[in-house]
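Here's a structure to explore. Have a look at it first, and then we'll walk through a few of its features together.

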Amino acid sequence: MNETAARRRGALARFWRDYRAQRTGLYGAAILAVFVLLALVTPLVTDPSGLDVTKATGPKMAPPSAEFPLGTDESGRSILLMILWGSRVSLLIGFLAALLSMVIGTVTGITAGHFRGWSSAVLMRITDWFLVLPSLVLALVLAAILGGGTSTIILAIGVTSWAATARLIRAQTLAVEARPYVERSRVLGAGHWHVMTRHVLPNVAPLVLANTTLTVASAIVTESTLAFLGADAGQASWGSMLRGSYDWGAVTSGAWWYVLPPGLCIVAVVLAFTFCGRALEAVLNPRLRGVA
Amino acid sequence: MTLLEARDLHVQFASRGRRARAVDGVNLTVGEGEIVALVGESGCGKTTLARTLLGLERPASGTVLYGGAPLAYSTRALKAYRREVQLVPQDPTGSLNPRHTVYEAVAEGPRIHGLRDERERVASALSRAGLRPPERFFPVYPHELSGGQRQRVVIAGALALDPRVLVADEPVASLDASVRGEILSLLLRLRAELGLSALVVTHDLGLAWNIADRVAVMYLGRIVESGPVEQVLSAPSHPYTQALLSVLPDSPAPIVLGGEPPDPTRIPGGCRFHPRCHVLASGKAAEAGVDGLCRSQPLEILPSSTELRAACHYARARQPQL
Amino acid sequence: MAVTYRSAAGDVPAVRGVSLEVAEGEALGLAGESGSGKSTLAMALLRLLPKSARVTGEILLDGEDVLRMNWGRLRAVRWASASVVFQGAQHALNPVRRVGEQIAEPLLVHGMATQAEARTRVAGLLEQVGLPAWRARSYPHELSGGQRQRVMIAMALACSPRLIIADEPTTALDVMIQAQVLTLVRSLIADRGIGLIMISHDLSVLAATCDRLAVMYAGRVVEAGPAREVFTGARHPYGRALAEAFPTVGDPSSRMAPRGLGGDPPDPMRLPGGCSFHPRCPAALPSCAWRQVELWPADGVAGDPAGHAAGSTQARHTAACVHVLPEPERSEPERTGPGTPEPGMPEAGMPEAGMPEAEEAGPEAAGGQEVPNAPSAANASGAPDAADIPDDPGAPDARPAKESA
């Protein structure tokens with residue numbers, strides 16, 4: 001099976017070549033790489049004790065200085081330190097919530113697409129229900145009921161954002177199921193599980209990947225929004241920093257160093273994920289790629 | 001020895017609120033080691049009949065029998081049936097998952113059925129389908145193959161289960177003329193070497209002439225004429241068969257039937273072919289005194305028989321043994 | 001004419017030096033398997049190929065070179081002088097517009113009719129193709145396959161073109177509907193003096209519809225001539241294989257004996273040297289591996305190299321096969337070909353199955369040394385620029401083929 005491995009490598013190389021042609025995708029990937037790297041090395045080079053209000057050493061609401069490159073907050077904590085540690089929370093919640101959302105969406109979509117009839121109808125009505133529900137409000141309510149904590153926020157975001165994915169995956173599943181090779185597989189004796197895992201899943205996987213990337217972006221926005229509205233994970237995140245800056249009137253007092261860094265970080269990461277997602281879509285989605 | 005049999009088979013669909021009688025009473029047998037061609041225009045129900053024989057559609061009434069026993073539709077029984085009766089689909093390109101290599105495509109059946117010695121099975125199936133040496137084709141993807149090779153891979157995928165009957169739906173319609181003969185020869189060779197039976201669904205009478213022992217001509221859900229290929233295609237009795245034969249490119253006097261094949265939601269009364277029948281239109285039926293019957297008296301369902309049979313009042317007026 | 005596709009992996013020659021012509025009221029059948037370049041050739045005639053394709057040579061439509069036309073002229077020509085009937089009628093029609101509007105579209109686009117005139121014209125066209133006029137108000141999905149194909153033909157006829165190019169017009173259709181469409185096509189050419197180029201892989205269909213046939217293999221015409229002659233007495237082994245692929249029902253020799261051709265069509269990127277058909281050829285000689293034979297008279301009439309060079313090839317039955325050459329030429333090893341020919345090629349005892357008539361090919365052939373490659377017919381080489389053969393549909397002087405020397 002050496003040749004198979006070589007082919008896989010070839011396919012990967014081809015994918016990378018196509019992806020490289022997407023300039024915005026490259027920018028997005030570069031930005032992401034920087035943020036992920038920072039988030040990974042932060043615990044190695046900084047001390048989280050500086051996040052503790054009681055242990056903060058700096059002056060209150062100080063503008064950027066040599067000691068505090070991005071200034072300090074109302075408790076004298078370093079904004080830079082909070083940004084770095086906040087990126088860990090924001091990215092973690094973004095990734096895990098998107099993952100949860102994609103798992104629910106993919107399973108629902110494939111199931112609804114594969115089994116026709118009433119089970120599909122029921123699943124799709126549930127999907128529609130989630131689709132029309134104001135998901136932010138639902139997430140707020142969920143977070144309030146389930147209590148604080150990172151996992152709660154992940155759950156709240158994941159459970160409210162899968163519906164659009166499910167619709168997309170179902171449509172793709174229906175298209176795959178109409179292919180003659182699925183019928184051939186049935187005639188060979190294949191059951192539902194075989195058809196779904198061997199034929200449908202590999203065909204919708206690229207779509208799922210591209211969609212996940214986009215979902216991460218929206219999950220980070222939702223996390224920030226929830227944190228801003230008060231439902232935070234109990235740790236400093238970009239959203240909770242914005243909340244803090246609002247509570248302490250950072251804008252009116254001209255403390256731009258408190259508002260801009262978390263805001264710009266959110267914009268940058270979300271844009272980066274969107275760029276990557278669009279680029280992946282262009283490379284992987286056969287319909288956008290034209291004749292394939 | 002009859003292997004696969006359709007007995008008084010009816011299959012219906014709902015079509016735009018109407019009931020389409022796609023298969024409207026068919027008796028058909030495929031004997032052991034026999035190749036039967038099922039010919040007819042698109043929309044005559046031949047593909048539905050083939051799918052029903054494969055257990056992909058359930059009949060509204062009537063039975064599919066395999067080895068004399070009626071086909072059961074439980075998941076387990078159908079899976080066991082799949083090892084005996086296999087499909088050769090029309091479009092080999094669409095029938096192969098582009099993400100699977102030839103090896104994976106052929107091994108799919110054995111894997112589903114949990115058969116042992118997968119590698120040997122795949123290799124032997126590929127070489128029986130004429131892809132030699134088989135190992136060279138293992139890592140190849142379908143898009144790297146020609147149309148004829150793809151059809152061989154699909155056939156190998158069916159052979160990997162050691163079936164006894166192949167149901168081939170237009171096996172060469174999407175292939176180039178030059179490859180056509182190769183694939184048909186393969187079917188003949190499989191019959192000679194493995195004793196495989198085949199039901200070949202086609203609109204191509206030349207194909208029937210090339211490889212079939214018996215031919216059944218289908219019109220609007222019924223078999224209107226059946227019998228040994230030499231008899232049916234050299235001296236057709238049913239006007240519909242005559243018309244089909246007459247429009248082949250080499251024929252001297254084509255009888256081009258007007259209109260499209262009629263709608264299975266609206267099957268005409270009397271003989272179902274009478275609105276398009278050239279024998280009736282030319283007045284020959286009236287000379288034989290059967291024109292009234294043609295318009296009003298439906299013909300009974302032809303029994304399955306290896307003899308020449310035709311469901312036509314006019315033909316019977318002249319040859320009562322039909 | 002030659003067409004080369006530029007792809008990431010290098011240039012792909014799809015058509016390699018082909019000369020054809022069609023006169024008014026004449027039907028030319030273009031046969032070959034997929035990948036033989038037949039569809040590429042047809043699309044090239046109206047410059048319908050993607051940008052990556054490079055077309056060289058000349059395509060003369062009523063004496064005007066299509067390749068040198070500007071965009072506006074080309075657009076006008078595309079419907080008004082020559083039009084195309086595509087393969088899949090279900091995909092070539094817009095599903096959300098009534099067929100009448102679609103037939104009228106070219107008329108309105110080219111400003112050839114007002115709305116009201118277009119409506120009457122559409123009704124007339126539908127009648128011509130055997131559909132009732134009220135069908136103009138139908139949507140494509142309401143029509144059957146054969147009716148859609150008729151609509152396609154009506155569209156092609158809308159601007160009264162001088163040439164119709166039909167790419168596999170009946171491939172997806174049943175025998176009965178195929179017969180209807182072919183009857184229609186035949187009567188249209190006869191009645192209106194339209195030139196027709198019909199493309200198919202089914203030689204029997206072409207033979208029944210067309211006056212002349214050209215068989216393509218690997219981007220070249222390997223056999224051409226009057227349709228019946230090519231179909232029943234093909235001289236090129238590939239032409240013969242195509243002709244035998246669809247049996248005559250009732251012919252005992254084809255009963256239980258389907259005939260086909262082993263092997264696969266060659267990869268245009270890696271064409272075999274010499275005659276590109278030789279790896280699949282049942283009657284190949286050792287010399288076929290490096291020797292490429294040009295079209296040569298194959299009608300059993302005295303093979304006259306002079307006449308050949310003068311260009312009466314279009315009307316005559318010709319084949320590009322070593323077995324068609326007169327005897328002395330056949331065994332003479334190629335001298336100008338690539339590579340060094342092995343000396344002392346076996347000359348006697350060649351398999352000449354089915355080729356006895358080749359003997360009739362006249363004594364005068366002895367005069368032309370290296371004739372197989374020498375005739376300065378324009379399609380003499382695979383090099384794209386060497387081919388500049390006109391395709392003269394409907395030109396009054398089209399008959400005496402003027403192959404520029």
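What follows is a short tour, starting with some ground rules.

## Ground rules

This is a predicted model, so local features need pLDDT of at least 70 and side-chain atom pairs count only at pLDDT 80 or more, while totals for chains, interfaces and linings use all residues. Residues are numbered from 1 along each chain as its sequence is written, and chains are lettered from A and ligands numbered from 1 in the order in which they are written.

## The nonpolar core

Let's begin with the largest nonpolar core, which has 278 residues. (A nonpolar core is a set of buried Ala, Val, Leu, Ile, Met, Phe, Trp, Tyr and Cys residues joined through C-beta atoms within 7 Å. A residue is buried if 20 or more other C-beta atoms lie within 10 Å of its own, with C-beta atoms placed from the backbone.) Val106(B), Leu213(C) and Val215(C) have the most contacts inside this core. Its largest share, 16 residues, comes from helix H9 (residues 192–228) of chain A. (Helices here are DSSP runs of H or I with at least four residues, strands are E runs of at least two, and both are numbered from the N terminus.)

Domain 1 (2–217) and domain 2 (235–318) of chain B both give residues to this core, so it lies between them. Those domain bounds come from an automatic or database domain assignment.

## Chain C and its neighbour

Chain C has 12 helices and 13 strands, and 53% of its 405 residues are buried. Where does chain C meet chain B? Here, 35 residues of chain C are in contact with 33 of chain B, contact being C-beta atoms, placed from the backbone, within 7 Å. On chain C's side, helix H7 (175–192), helix H8 (203–209) and helix H10 (237–245) each supply at least two residues.

## A sheet in chain B

Chain B has an open sheet of four strands, in the order E2-E1-E4-E5, with antiparallel pairing. (Two strands pair if DSSP finds at least two bridges between them.) Strand E2 (18–31) and strand E5 (69–70) are at the edges with a single partner strand each, so one side of each has no neighbour in the sheet.

Now zoom in on strand E1 (residues 2–15) and strand E4 (residues 61–66) of chain B: they pair in the antiparallel sense over five bridges. Which residue in E4(B) is the bridge partner of Arg7(B)? That's Thr63(B).

Key: A residue is buried if 20 or more other C-beta atoms lie within 10 Å of its own, exposed if 12 or fewer, and partly exposed in between; C-beta atoms are placed from the backbone. Two residues are in contact if their C-beta atoms, placed from the backbone, lie within 7 Å.
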